[in-house]
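This briefing sets out the architecture of the model, topic by topic. Please consult the sequence and the structure alongside the text.

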Amino acid sequence: MNPSIAVILPIAIPLATMAISLLAWKSIAAQKWLGLAGSVLLFFSAAALMWLVDRDEILVLQVGRWPAPFGITLVADRLSSIMVMLAGVVLFAVTLYSLATIDDRRVDYGFFPLIHLLLMGVCGAFLTGDLFNLYVWFEVMLIASFVLLTLGGERGQLEGAIKYVALNLISSAAFLAAIGVIYAATGTLNMADLAVKLRSFPDEGIVTVLAMLFVIAFGTKAAVFPLFFWLPASYHTPPVAVSAIFAGLLTKVGVYSLIRAFTLLFVTDLAFTHNLLLLIAGLTMVTGVLGAMAQSEIRRILSFHIVSQIGYMLMGLALFTPLALAGSVFYIIHHIVVKTNLFLIGGIAERRFGSGRLSEIGGLQRSMPVLAILFFLSAMSLAGIPPLSGFFAKLTLVRGGLETERYAIIIAALVVSLMTLFSMTKIWAEAFWKPAPQEARASLPARHDSRRGRIALFAPIVLLVTITVGIGVLAGPVMKVSYAAAEQLLDPDAYIDAVLPDRLAAEGDLDRQGKLNEQIPTNRNPSTLNGPPTSLRDED
Amino acid sequence: MDSVILRTAIRFLFPLLLLSSVFLFLRGHNEPGGGFVGGLVASGAIALYAMTHDVAAARRVLRVSPRVLIGSGLLLALCCGLAPLAIGRPFLTGLWINITSSGLGKVHLGTPLLFDLGVYCVVTGVSLVFVFSLLEE
Amino acid sequence: MDIALAITVGGLYAAGIYMMMRRSVVKLLIGLGLLSHAANLLIFTAGGIVRGRVPVVPNGQSQPITEIADPLPQALILTAIVISFAVLAFALVLIYRTYQTLGTDDLDQLKATDT
């Protein structure tokens, strides 16, 4: 068996799960079991992919045997495999949680097929090596998230969805325009090929303009300052399970794309692009946390913290040293686990009282002591208290900043960290310490769960807390993995050579293509034209 | 929608539209056409039927739920993608065979055709889910 | 021809952005549609425009003989159109339901989830 099969599995498994659960539409029980089975399978395929990537460095799959840069290429390097692994973990936890929380009406509308469609888009975006293909995966993910966001059709959901849909469509249009311009400039969309061509691109100004278009496109998806407004307006409206999977994965696809674009493609004008990214990172951190401090509803507070933490992930990218980038990767690993978990915990509190407003809930420390411990661990990890996972992530980033002597961003990171702690303490004091409010003012009825339901509610949270603590205890090995991923990212030649094995041979005919370009002025892309070799077809 | 003209016309148009959708689908093999357009024409035919009669009647004509169409189409496409893996080729590589039958002469068949059939089913199913849910209000 | 198309692309962007700044949700949606058309046309222009020649390399040749348009952008646009069709269909249903549930299409009234 060819190891590159492992690259297709994280896309094929959600697709198959979705298709089969569409066929089993009528039975709600069957859908639930299929959803669970699909998530377990995805988890194992992601683990296999990670193991293979650890062994072989970079796995490349040329879909349909069309060689790069003509066909669609799927690439799994260390960062992609880590991201797919995290997607598998989040999907499993959220599926378990949704078994108990998603009502039958939503399951009947197709909750489980949609979750798997979303995961297919997410994994596809992590694994693709082609810009247009990335756009397609983004759209797959977006369409699934649109429907998930509105599923159930409550007032708040519809209202939040309009903002979410509108702003994400604008960013898609920007992405599409960027693809058009980059294709016109270079004549290719394969990322490895683009990396080669952009390095020797004659007009540096155009490359920087392109970089800015991608900052807008990916930045909106990643919710960076000042493009984040869709996130806090919509993330608190859908059911908790949906919020949690969005919080864990969607913005991180934007961050992943930014990391990919600004380590592989746009590395010619570091002084401008990466300094701008650093500025964005700082502003994102600060505005996010300030927004969070003004909120008084659990999920709204947590939504703003997503924004603030996207800043940390960008910080490592902007500093652009192996250590700082390793910090970013570590931060992503830590953040996805903790953030998903906090949303799930907040969901239990909301479920208990029928409301997420801090003024309407309280006394959880006494009534649900286990939940209190779990929340405490996750919240402290988010704030970066040693020895939990967030501490090591932030420590690495700060060390990366010290290394490059960017003191302003370090100060911002540390202050934001303190404010995060403050904001987590606020939730702790209001929801857990304060005695429960006397009269029930909540808008929704409180719910009490059966024993089986409670297991499905708490199992994913315990699992995720264990991972958080595990990352803290085993910080060394996790750091090693992150560092390896960062080093690989900073060495784009390995990526390019893996995707374009006969690049050296092709480099010879770059000159030839240049001449062709002069002969045929309107035809901007000679390489694709003499590309799809008809002989390939005949072999089959 | 209550229009005598449309209701009379659809009686003749319905089979014609379905036929042309199959034609478009098969033509897509070497010329413009294919599963996507074919599926759209087919769903257009059924949508017209649903508008002139009612959604329940259109569902009866369709026989299977549009969701089953989506699911089976996706599965079919996925299987076509995975089939080449069995003989050691990468995902989505086309596999071709030539069949010589007495009636049709030499026919060139392959997984891309089946893949396109999957697309046809998915497109029909998805657009009908939209149309039915809007018409059923 | 390129210049005419470039002006059209610019006009579409301008119109799209203007529509998006209106308060009505329907106009927002029309603006989004125009924006995606503009992006598609931009890709189309990027592919180079040549009339009526088939982008097929003849047998025995390694490159096209005459000047031809690049077919790849057109394939990209086709995909993008299909996607934007699906997304806009969804968005239409969404604003329809929002109008039914909330009884307004004025974006200024849709502030309950804002912060």
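Which residues in H6(A) meet which residues in H7(A)? From H6(A), they include A:Leu131, A:Phe132, A:Tyr135, A:Phe138 and A:Glu139, and from H7(A), they include A:Gln157, A:Tyr164, A:Asn168 and A:Phe175. This is a predicted model, in which local features need pLDDT of at least 70 and side-chain atom pairs count only at pLDDT 80 or more, while totals for chains, interfaces and linings use all residues. Residues are numbered from 1 along each chain as its sequence is written, and chains are lettered from A and ligands numbered from 1 in the order in which they are written.

**Helix pair in chain A**
- The axes of H6 (residues 131-150) and H7 (residues 155-186) of chain A approach within 10 Å and cross at roughly 175°; axes are lines fitted to C-alpha atoms, for helices over the stretch in contact, with angles from 0 to 180 degrees between N-to-C directions.
- H6(A) is therefore roughly antiparallel to H7(A), a label for angles over 145 degrees.
- The contact of these helices comprises 15 nonpolar, 5 polar and 1 charged residues, where Ala, Val, Leu, Ile, Met, Phe, Trp, Tyr, Cys and Pro count as nonpolar, Asp, Glu, Lys and Arg as charged, and the others, Gly among them, as polar.

**Chain A overall**
- Chain A has 24 helices and 2 strands, which are DSSP runs (helices H or I, at least four residues; strands E, at least two) numbered from the N terminus.
- The radius of gyration of chain A is 23 Å, close to the 24 Å that the globule rule gives for 540 residues, so chain A is as compact as a globular protein of that length; the radius is taken over C-alpha atoms, and the rule is 2.2 Å times the number of residues to the power 0.38.
- Of the 540 residues in chain A, 64% are buried, meaning that 20 or more other C-beta atoms, placed from the backbone, lie within 10 Å of the residue's own.

**Chain C overall**
- Chain C contains 3 helices and 0 strands, in the sequence pattern α-α-α.
- Its radius of gyration is 20 Å, well over the 13 Å from the globule rule for 115 residues, so chain C is more spread out than a compact globule.
- The C-alpha trace of chain C spans about 65 × 25 × 25 Å along its principal axes.
- Buried residues amount to 31% of the 115 residues in chain C.

**Contact of chains A and B**
- Chain B and chain A contribute 19 residues each, with contact defined as C-beta atoms, placed from the backbone, within 7 Å.
- On the chain B side, helix H4 (residues 66-86) gives the most, with 10 residues.
- That side has 11 nonpolar, 6 polar and 2 charged residues.

Methods
Two residues are in contact if their C-beta atoms, placed from the backbone, lie within 7 Å. A residue is buried if 20 or more other C-beta atoms lie within 10 Å of its own, exposed if 12 or fewer, and partly exposed in between; C-beta atoms are placed from the backbone. Angles under 35 degrees count as roughly parallel, over 145 as roughly antiparallel, 65 to 115 as roughly perpendicular and the rest as oblique.
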